[in-house]
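Biologist: I would like to learn how to read the interface in a two-chain model. Could you take me through it feature by feature?

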2 protein chains.
Amino acid sequence: MELDEFSLIRLLTEEKSKLYAGKKGIAVGIGDDAAVVDVPAGRQVVMSCDTMVQEVHFSASTMRDEDVGFKAMASNLSDIAAMGGEPQFALVALSVPRSYTSARLKRLYDGLYECADRYGVAVVGGDTTSSPSHLTVTVTIIGTVEAGKALLRSGAREGDALFVTGLLGGSAAGLHYLLARGKEMGGGDAGGNADAGAGMMDDDKSVNKGDADKPLGAIPHPYRPLVEAHCRPLPSVEAGRIFLRSGYCSALNDVSDGLASEAREIAEASQAGIELHATKLPMDASMTAYAREVGIDPLNWALYGGEDYCLTGTISPDGVEAVQRQCKEAGIPFHIVGTVTSRDRGVILQDVQGNTRALEAGGYNHFRG
Amino acid sequence: MELDEFSLIRLLTEEKSKLYAGKKGIAVGIGDDAAVVDVPAGRQVVMSCDTMVQEVHFSASTMRDEDVGFKAMASNLSDIAAMGGEPQFALVALSVPRSYTSARLKRLYDGLYECADRYGVAVVGGDTTSSPSHLTVTVTIIGTVEAGKALLRSGAREGDALFVTGLLGGSAAGLHYLLARGKEMGGGDAGGNADAGAGMMDDDKSVNKGDADKPLGAIPHPYRPLVEAHCRPLPSVEAGRIFLRSGYCSALNDVSDGLASEAREIAEASQAGIELHATKLPMDASMTAYAREVGIDPLNWALYGGEDYCLTGTISPDGVEAVQRQCKEAGIPFHIVGTVTSRDRGVILQDVQGNTRALEAGGYNHFRG
């Protein structure tokens with residue numbers, strides 16, 4: 001990264017920062033040693049950070065620069081959504097290879113801001129350094145939540161209903177499609193699989209030289225929702241707020257590592273068991289069609305795919321109807337996919353034949369550190 | 001990084017997190033999607049993040065793993081100190097090469113926690129991912145500050161005194177010594193200079209294979225304070241609090257990029273000029289001795305070296321005596337090194353002969369992205 005790229009970032013972020021001035025409780029934005037913001041009385045601060053690493057979480061064949069920016073912001077917003085919180089501020093730490101052009105950096109920021117703007121989040125600071133090889137993007141989100149009301153993983157009770165707020169497995173299917181397409185196009189890109197990334201970091205290789213400058217190209221219609229799900233996930237911030245306000249939500253997680261893993265986390269934190277119903281898992285028809293096309297069980301993607309960034313959680317039985325109605329009014333998908341059981345029953349799956357079996361912890365875990 | 005290293009981090013941070021439970025206003029610590037903390041009434045939230053990148057900010061010949069952890073935390077605390085704020089919580093995002101051993105990771109965390117504990121800061125969250133090549137450490141610090149009282153760069157007025165709270169140039173001298181020593185030891189390590197890092201990132205090279213497992217070895221006595229200054233900087237959090245409470249501090253910065261650069265930032269933000277006095281700059285005798293030994297003007301390091309992480313700022317003339325006394329009582333160094341002048345005079349240096357000249361913006365800028 002050259003000096004003028006640093007200037008570009010300063011220009012970009014300071015221009016944008018001016019738009020926020022005086023809004024959103026920002027007392028000091030970009031341009032001093034640290035940002036200073038207000039927290040309304042009666043609220044606590046909720047905060048989280050997440051990192052996306054080139055060749056670990058994405059590669060030139062799977063995501064464009066603007067997608068990387070968008071998703072880095074989105075995955076972090078999802079963590080705040082999973083607490084029922086309201087995301088408000090972001091800090092962006094970039095470590096940028098010298099081979100990166102100003103144009104690519106601009107697109108990365110366009111994606112970051114597109115997602116931030118969509119959710120009313122202000123980028124109030126960050127740090128930009130050069131990287132000897134790959135791009136690393138760390139986003140920190142700071143939000144607020146009504147004091148004492150944050151939705152944890154640990155409150156699920158026997159008899160509660162387990163829900164999800166979106167389609168499952170789409171991101172995994174989209175990734176599969178993009179990797180297969182990358183190979184076909186002869187990108188020489190092993191696809192960002194965590195076990196294949198090493199040794200690909202030479203600055204002179206095309207992967208760092210700007211393959212992502214080229215548009216991904218026309219994605220045939222049936223695969224588009226899958227690619228969108230992978231590259232442009234939309235965190236369920238509004239849904240999280242509805243669950244919090246309802247007073248009926250006993251546990252909440254976002255689906256970042258796959259429903260099976262998230263359900264297990266809730267079960268363990270709540271000292272409960274969970275029974276998932278395979279027939280109830282919401283799957284997009286394009287996902288199941290693509291899975292069958294490539295010989296993969298769609299249920300595998302729905303349970304273990306991850307990065308869907310919808311929410312999963314539990315609702316006390318007397319609240320299901322009310323929450324269902326509130327979600328419907330807000331246009332938010334709400335699907336009951338299982339039940340909280342006693343701890344000794346563990347985490348189990350009732351399959352399409354009606355048989356139950358223990359749900360394996362793993363499955364595969366694409367693109368996870 | 002292998003799976004058991006992720007388990008190690010979880011173990012380390014969760015154990016440590018238990019010690020914080022119920023203290024420091026932590027409602028939810030490590031272990032859920034995000035941390036939740038209290039903000040006392042009458043306070044604003046102050047936040048900042050900084051990244052340290054292997055081969056850009058440090059290398060095997062300049063810093064041990066525990067130093068990397070310590071300094072990553074310290075440089076971030078310094079940004080909060082520079083606002084007069086009270087740092088309270090940290091999020092740690094690591095991107096770790098597979099070649100890293102559990103022992104190295106443990107040492108990195110030991111350093112992070114050593115610094116955090118020293119300043120009463122609780123690590124409440126973070127993210128750990130693998131890296132295809134080098135180590136990247138991003139720390140976010142969240143603190144609080146009395147509402148409306150944060151110390152900005154923009155309040156300096158003509159006639160104010162410019163001060164610094166520590167010795168200048170020590171870190172640059174320490175870095176110079178470590179790089180020279182590294183070359184002597186034949187480490188094959190170009191030294192982490194930002195322009196020399198590329199192409200050194202192959203996992204098979206010793207730089208990533210654990211050179212830092214070996215202790216740096218006995219540093220001869222005269223160089224020890226310099227190496228300490230570079231590897232273990234101590235941010236001036238208490239000084240920042242004193243300046244804020246005094247009511248006399250009109251502008252504040254931390255010396256991360258060198259005094260010349262920080263003074264310029266204050267001058268520009270305050271639409272003022274600044275005159276620095278070369279004879280008044282506090283320099284350690286070991287620094288000046290080493291500078292002469294290697295044929296470098298110590299003034300160059302004092303003005304442009306950077307990473308000293310003391311504070312520089314301005315005090316209204318009627319407050320100098322009171323602030324001086326308060327610093328003395330707290331055992332904090334306080335040196336008047338210049339004066340705020342009118343904008344048209346620019347940023348100038350009065351040299352040891354009493355002649356003034358415009359202060360160049362640059363000098364060199366080691367280890368800066």
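Biologist: Which residue of β3(B) is the bridge partner of A:A35?

Modeller: Two strands (DSSP runs of E, at least two residues, numbered from the N terminus) are said to pair if DSSP finds at least two bridges between them. In this predicted model, the bridge partner of A:A35 is B:M47 in β3(B), and β2(A) pairs with that strand, residues 43-53 of chain B, in the antiparallel sense over three bridges. Residues are numbered from 1 along each chain as its sequence is written, chains are lettered from A in the order in which they are written, local features need pLDDT of at least 70, side-chain atom pairs count only at pLDDT 80 or more, totals for interfaces use all residues, and side-chain values use heavy atoms, with hydrogens and water left out.

Biologist: How many residues does the contact take from chain A and from chain B?

Modeller: With contact meaning heavy atoms within 4.5 Å, there are 61 residues from chain A and 62 residues from chain B.

Biologist: What is the area buried between chain A and chain B?

Modeller: The size of an interface is often given as the accessible area lost when the parts come together. Here that buried area (1.4 Å probe, summed over both parts) is about 4,600 Å², with carbon and sulfur atoms giving 59% of it. A:D33, A:M47 and A:P132 supply 16% of the area that chain A buries against chain B, more than any other three residues.

Biologist: How many salt bridges does the rule find across the interface?

Modeller: Taking a side-chain nitrogen of Lys or Arg within 4 Å of a carboxyl oxygen of Asp or Glu, the rule finds four across the interface; one salt bridge joins the side chains of A:R153 and B:D32 (3.6 Å, N to O).

Definitions and conventions
Buried area is the accessible area (1.4 Å probe) that two parts lose on being put together, summed over both. Helices (H or I, at least four residues) and strands (E, at least two) are DSSP runs, numbered from the N terminus.
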